[in-house]
Amino acid sequence: MGRSPEGDGPGVWRSGLTLAVLAAICTGLVAITWQLTAARIAGNEQAALERSLEPTLSGVFYDNVATESLLVIPPPHDLPGTEPVPVYRVYSESEPVAAVFVITEPGGYAGAIRLLVGIEYSGEVTGVRVLSHRETPGLGDLIEASKTNWLEQFRNTSLAAPPRTEWAIRRDGGAFDQITGASVTTRAVVRAIRQTLVYFEGHRDFIFEAAGEETTEQDE
Amino acid sequence: MSADGNTGGILASGLWDDNPGLVQLLGLCPLLAVTTSLVNGLSLGLATMLVLGCSNLLVSASRRWIVSEIRIPMYVLIIASLVTCIELVFKAYFPALDASLGIFIPLIVTNCAVTARAEVFASRNPVAPSVADGLAMGLGFALLLMAIGAFRELLGHGTMFYRLDMLFGGDPFTGLVLADGGFLLALLPPGAFFSLAIAVAGKNALDSRRRHHIGAIARQSL
């Protein structure tokens, strides 16, 4: 390795070649690992999705596979955020029962909060869960169902009960509990659920009747 | 860095004398960010330890072919592919853990402790001591992460072993509840700095006491 400075010409080639060979080996290593784990990872993701949908459809009876009835609502739409919104629809004997919206609410304290909002055909909330967020540990993350039961208060609510004007946290004169120290977070969640309910009210038939084929065009 | 070749010396160096977190203050970003619970700290510690052991193995095994001018890019390539493989394995076998540690698994690539051990130790020593060094350094780092995680979890949450199921499977485990509520600051970023400061100060205090003690014995024997 102790080469004279004049040896720069071949040295560069040697360095380049060494790096190229190493890069090829490393890429191969990653490719093999990916091959070995890909199926399992896909299975995990599917299972995780099914598991996460479950609590948002509590008390709802349906006979189709929720993850197979995906509809993606492309922007622009009147739902929170500007991203495409996936909706999982469940039916019983082909009659619409409920839908779960995957909402990306942009107004969290630290970026977007991804929520699952389950809504029954009648317009009642069947359950809300947080998919991901970057809220402050110990404050904003208390919205997670594994930490507190804050999200439980939304079950069975609708635009009628509480009345539309009371869809806010108590601090803003609304009907919902906030979490002390996490007003921004809880406000964002309440707003997102309300907006989803309003959208659902106006587009209910479209949501349940839209063909599932539309999902194949989307790469969600 | 005192690496006297024998396994005992390597272990002592990794765990205490040259502990990457306590003494070299390397890898502070993950150390401060993920140690909100014992399980998080332990898991990232184990992942880092695995990377350190494997990267030292690979670097040491290929040290003959390493061209000194481009050794850093070569280390980065080796370490980055290793970490990618480990991330895939985590996604496949510990999905909950992967979700919990998030970006900090891929970010092991940027943990200076890994590059530092490749440069300082593995590139100049045979395979066996290099692996021992990587594992010892990793263990030292993991123990520190675990200790800080346990400390912050206990203080901030009042629990212990919260979400242990992420490592060993089973039903979601809410942890042993040892106290009601907690001191929130411990879980926030400042709490991480305070905890690390306490750990470093504690180590220095122990060391200086030991030195004092040895000095006293030496004086007596004169």
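Ile207(A) belongs to helix H2 of chain A, which spans residues 183-209 (helices are DSSP runs of H or I with at least four residues, strands runs of E with at least two, numbered from the N terminus). The model is predicted, so local features need pLDDT of at least 70 and side-chain atom pairs count only at pLDDT 80 or more, while totals for chains, interfaces and linings use all residues. Residues are numbered from 1 along each chain as its sequence is written, and chains are lettered from A in the order in which they are written.

Leaving aside residues up to four places away in sequence, Ile207(A) touches Leu71(A), Val87(A), Arg89(A), Ala99(A) and Phe200(A), a contact being C-beta atoms within 7 Å. Ala99(A) is 108 residues from Ile207(A) in sequence, yet their C-alpha atoms are 8.2 Å apart.

Chain B comprises nine helices and two strands, and 45% of its 222 residues count as buried. Within chain B, the axes of helix H1 (residues 7-17) and helix H7 (residues 127-157) come within 7 Å and cross at roughly 30°, the axes being lines fitted to C-alpha atoms over the stretch in contact, with angles from 0 to 180 degrees between N-to-C directions. H1(B) is therefore roughly parallel to H7(B), as angles under 35 degrees are so classed.

Definitions and conventions
Buried ≥ 20, exposed ≤ 12 C-beta atoms within 10 Å, placed from the backbone. Contact = placed C-beta atoms within 7 Å. Parallel < 35°, antiparallel > 145°, perpendicular 65-115°, else oblique.
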